[in-house]
Amino acid sequence: MKSINIGLIGFGTVGSGVVKILSEKKSFLMQKVSVDIKIKRICDKQMQIKRDVRVDRSIFTHDAKDILNDPQIDIVVELIGGRHPAKEYISEALRRGKHVVTANKALLAEDGQELFALANDRSKNIYFEASVGAGIPIIKSLREGLVANRFSKIFGILNGTSNFILSKMSKDCCDFSKALKEAQLKGFAERDPSLDVEGIDSAHKLILLTYLCFGRFVKMEDVFIEGISRISLLDISYAKELGFQIKLLGIANKKDRELEVRVHPTLIPHEHLLSSVDGVFNAIYISSDLAGDLIFYGPGAGQLSAASAVVADLVDLTRDIQAGLFRSTFNIVLDKTVQGLRRHDNFKSRYYIRFMGMDKPGVLARISGILAKFNISIASVSQKERRRAQAVPIVMVIHEAREKDLRSALELIDKMDVIKEKTVAIRMEEL
Ligand code: HSE
C-alpha cells in the first residue's frame with residue numbers, strides 16, 4: 001500500500017488531535033482512500049509537554065527545516081498559528097513542492113493573496129478548512145457544493161469565545177468580566193482575549209468567507225470591526241425586553257453593487273435561528289441564487305472538531321496526489337456585479353441606543369431635536385428608571401440611519417451637560 005507522508009509543524013491542541021485521529025482511525029481512513037496517511041515528522045518547540053496521544057519520539061524535531069527539506073514529505077500541516085514564522089514555513093513548503101494544510105486564519109486573512117498566488121504558481125494547494133468554524137465544512141461547501149451559485153450575503157456567528165461570553169451574560173445575568181473569566185477557566189478564551197472579544201478573529205474568518213463568496217480579498221483595514229468588550233449586562237437585558245439577543249456577527253453583504261464587510265455586535269430578534277446559537281457554537285448563513293438560504297451550524301472550536309477539518313483536507317489532498325491531479329482551489333471567480341466596497345460612513349442600519357440622561361424635563365426633547373437635525377427618525381423610546389435629577393437609562397430604537405449621521409448626532413448629544421455617560425449604539429440587522 002502506498003503512503004502519503006505528512007510533516008506536522010505545531011503539536012499543540014489541534015496538532016495532537018490530528019495525530020490522534022490519524023492513528024485511531026487509520027484503518028477507517030484507509031478504507032476510504034486506500035493510502036496510508038502517515039505522520040513522518042512532528043516539529044514543535046515544546047516537545048516535553050505531556051499530550052494525550054502516543055507518538056514515537058524519534059519523529060520529533062525542534063527544527064522545521066527537518067520537515068521542509070525532507071523530499072519524502074508530501075504535505076506540510078502548519079498549526080503553529082500567528083503570522084511569523086508560519087508564513088515563511090508555508091512559503092518554503094510550497095517552493096519545495098509540498099501541499100499545505102493550515103488552520104491559520106490570521107495569516108491567510110493578511111497574506112492569503114500572496115500565499116495562494118505562490119501555491120498556484122507552483123501547482124500546489126493550500127487547504128484551510130479548519131480556519132473557519134472548526135469542523136463545520138463551510139469552505140468545502142462554498143468551493144464545491146455551492147460552486148454554481150452566486151451569493152448576495154453571508155453572515156454569522158464566527159467566534160465561539162465571544163458567543164460563549166454573550167450567552168453567559170444573557171443566561172446568568174452576569175457582567176462581561178465574570179463571563180470572560182469563566183471562558184478563560186473553561187479554556188475557550190486566551191489569557192489575552194483581545195483577538196476574540198475585539199472582533200479581530202471574526203474579521204479574519206470573514207475575509208476568507210468574503211473571498212470564497214465574492215472573489216474579493218478584502219484588507220483588514222477595510223473591514224469595519226467593533227468587538228463586544230463594551231457590551232454591558234444592562235444592554236443585554238433591555239435588548240431582551242425588546243425581544244432581541246445581542247450576538248457578535250460577521251457580515252458580508254452585497255447592497256446596490258457595493259459590498260459591506262463588517263463585524264459588530266448586533267441585535268437579533270428572538271424568533272431568528274441565530275438568536276438561539278449559544279455557547280462556543282458558530283452558525284453561518286448564506287444567501288445564494290440557486291440553493292437559496294442555507295445555514296451551517298456546529299461547534300466553532302475544539303480539538304477534535306478542528307482536527308476533523310484538518311484530516312478532511314489531508315484526505316482531499318491525498319486523493320489528488322494519488323490520482324496525479326492538480327485541482328486548483330484558487331479558481332475563485334470575481335463577482336463583477338460588485339463595483340467596490342461600501343465606505344463605512346455610508347452603512348445604513350436600524351439602531352438600539354441607550355443614553356444615560358438626567359431625569360428632568362426637556363432632556364428627551366433636546367436629544368430628539370439633535371437626531372432630527374441629522375434626519376434620524378425615532379421608532380420607539382422608553383425611560384427605564386425614575387431618579388429625580390439623576391442620570392437614568394433612556395432606551396431608543398431608531399429607523400434606518402446612515403452611520404455618519406448617527407455618529408455626528410451622538411457626538412453632539414454626548415457633549416450635552418445632561419448626558420452623563422458615553423451613549424451606547426448597537427446595530428439591528430435585517431436578517
Ligand atoms: N478562538 C476561536 C473562537 C476558535 O473562539 O472561535 C478558533 O478559531
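I looked up Arg-342 and found it buried at 12% relative accessibility, where buried means under 20% relative accessible area, exposed over 50% and partly exposed in between, with a 1.4 Å probe and protein chains only. I noted that the model is predicted, so that local features need pLDDT of at least 70 and side-chain atom pairs count only at pLDDT 80 or more, while totals for chains, interfaces and linings use all residues. Residues are numbered from 1 along each chain as its sequence is written, and side-chain values use heavy atoms, with hydrogens and water left out.

I then followed the side chain of Arg-342 to Glu-258, which it meets in a salt bridge of 2.8 Å, N to O; the term stands for a side-chain nitrogen of Lys or Arg within 4 Å of a carboxyl oxygen of Asp or Glu. The two are 84 residues apart, with Arg-342 in the loop between strand 13 (340-341) and strand 14 (348-358) and Glu-258 in strand 10 (residues 258-269); helices (H or I, at least four residues) and strands (E, at least two) are DSSP runs numbered from the N terminus. Glu-258 is partly exposed, at 30%. Through shared partners, salt bridges join Arg-342 and Glu-258 into one network with Lys-153, Lys-255, Asp-256, Glu-260, Arg-262 and Glu-429.

By the same rule I recorded 39 salt bridges. One of them joins Asp-316 and Lys-140, with the closest N and O atoms 2.8 Å apart. Asp-316 lies in helix 12 (residues 303-323) and Lys-140 in helix 6 (residues 138-145), so this pair ties together parts that are 176 residues apart in sequence. I found Asp-316 buried, with a relative accessible area of 9%, and Lys-140 partly exposed at 32%.

I turned next to the cysteines, taking a disulfide as a pair of cysteine sulfur atoms within 2.5 Å, and the count came to 0. For Cys-174 the closest cysteine sulfur is that of Cys-173, 8.0 Å away and therefore too far for a bond. Cys-174 is buried at 5% relative accessibility, and Cys-213 is buried at 7%.

Last, I checked the open sheet of 6 strands, whose order is 3-2-1-4-5-6 with parallel pairing; two strands pair if DSSP finds at least two bridges between them. Strand 3 (60-61) and strand 6 (126-127) are the edge strands, each pairing on one side only. Strand 1 (residues 3-9) and strand 2 (residues 36-43) pair over 7 bridges, and I noted Gly-7 opposite Arg-41 in strand 2.
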